[in-house]
Amino acid sequence: MNTLRERTIERWREHNPALDTTPMELISQIKRISGLLDRSVEPVYAGEGVSPAEVELLVPLRYSDESITAIRLAEHLGMSRAGVSKTLGRLERKGLITRTPNPYDRRSALVRLTATGAAAIDEVFPRELQSHAALLADLGPDRARILQALQDLAHAIETRTHRDETPNT
């Protein structure tokens, strides 16, 4: 029996034969994997006081030698500036980060991890990595090929995204 995802794609093809559904096939797998990863770490975060989205921002701050702006974090992580700003606000209220005015750009703030934030990331992030390692354990020799394909995909999307964002001159 076909999955709902497969039946949906089949029906789109039947009702719209001129429509190229191949992007739908790839994107639906990416979304499926993302959802599975999110669900797999739920037990890691149960009762921790931080969310996976918050930890995603704390990880690059943990061993950074310098303060980082929210814009740079958003670009580094491929997240929206608004989403990063909202998450940083929650982290600041929890005492996990500090934000200080950027002396080089009054419109931005420099973000730094607090000692409490470092302790939180040191506690939860290794457990998240263990969870991910268990999920990927059965990839075996295909792991390097899959990683390369995912890197190629990310590069292609970044290239297209940056090209589409660049105004024509």
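Trainee: What does Arg-127 form a salt bridge with?
Mentor: Arg-127 pairs with Glu-48, and their closest N and O atoms are 3.0 Å apart. A salt bridge here is a side-chain nitrogen of Lys or Arg within 4 Å of a carboxyl oxygen of Asp or Glu. The pair links distant parts of the chain, 79 residues apart: Arg-127 is in helix H7 (residues 115-136), and Glu-48 is in the loop between helix H3 (42-45) and helix H4 (52-62). Helices (H or I, at least four residues) and strands (E, at least two) are DSSP runs, numbered from the N terminus.

Trainee: Before we continue, what kind of model is this?
Mentor: It is a predicted model, in which local features need pLDDT of at least 70 and side-chain atom pairs count only at pLDDT 80 or more, while totals for chains, interfaces and linings use all residues. Residues are numbered from 1 along each chain as its sequence is written, and side-chain values use heavy atoms, with hydrogens and water left out.

Trainee: How many salt bridges are there by this rule?
Mentor: The count comes to eleven. One of them joins the side chains of Glu-25 and Arg-13, at 2.0 Å from N to O. These two also come from distant parts of the chain, with Glu-25 in helix H2 and Arg-13 in helix H1, twelve residues apart.

Trainee: Why does Glu-25 count as partly exposed?
Mentor: Because its relative accessibility is 29%. Buried means under 20% relative accessible area, exposed means over 50%, and partly exposed lies in between (1.4 Å probe, protein chains only). Arg-13 is partly exposed because its relative accessible area is 38%.

Trainee: And which residue forms a salt bridge with Asp-105?
Mentor: That is Arg-107, with the closest N and O atoms 3.0 Å apart. Asp-105 is partly exposed, at 24%, whereas Arg-107 counts as exposed, at 77%. Elsewhere, salt bridges that share partners join Glu-48, Glu-123 and Arg-127 into one network.

Trainee: Changing topic, where does Thr-21 lie?
Mentor: Thr-21 is in the loop between helix H1 (4-15) and helix H2 (22-40).

Trainee: Is Thr-21 buried or exposed?
Mentor: Thr-21 is buried, because its relative accessible area is 6%. Its side chain makes a polar contact of 3.0 Å with that of Arg-13. A polar contact is a pair of N or O atoms within 3.5 Å; within protein, one must be able to donate a hydrogen and the other to accept it, and residues adjacent in sequence count only if both atoms are side-chain atoms. Not counting residues up to four places away in sequence, Thr-21 touches Ile-9, Trp-12 and Arg-13, where contact means heavy atoms within 4.5 Å.

Trainee: Then to helix H6: how many residues has it?
Mentor: Helix H6 (residues 81-93) has 13 residues and reaches 18 Å from its first C-alpha to its last, close to the 18 Å expected at 1.5 Å a residue. The expected span is 1.5 Å times one less than the number of residues.

Trainee: Which residues in H6 are buried?
Mentor: Val-84, Thr-87, Leu-88, Gly-89 and Leu-91 are buried. The buried residues of H6 pack against H4, helix H5 (70-77), strand S2 (97-101) and strand S3 (109-113). Just after H6, Gly-95 takes a positive phi of about 80°.

Trainee: How far apart are Leu-139 and Gly-89 in space?
Mentor: They are 38 Å apart, C-alpha to C-alpha, and 50 residues apart in sequence. Leu-139 is found in the loop between H7 and helix H8 (142-165).
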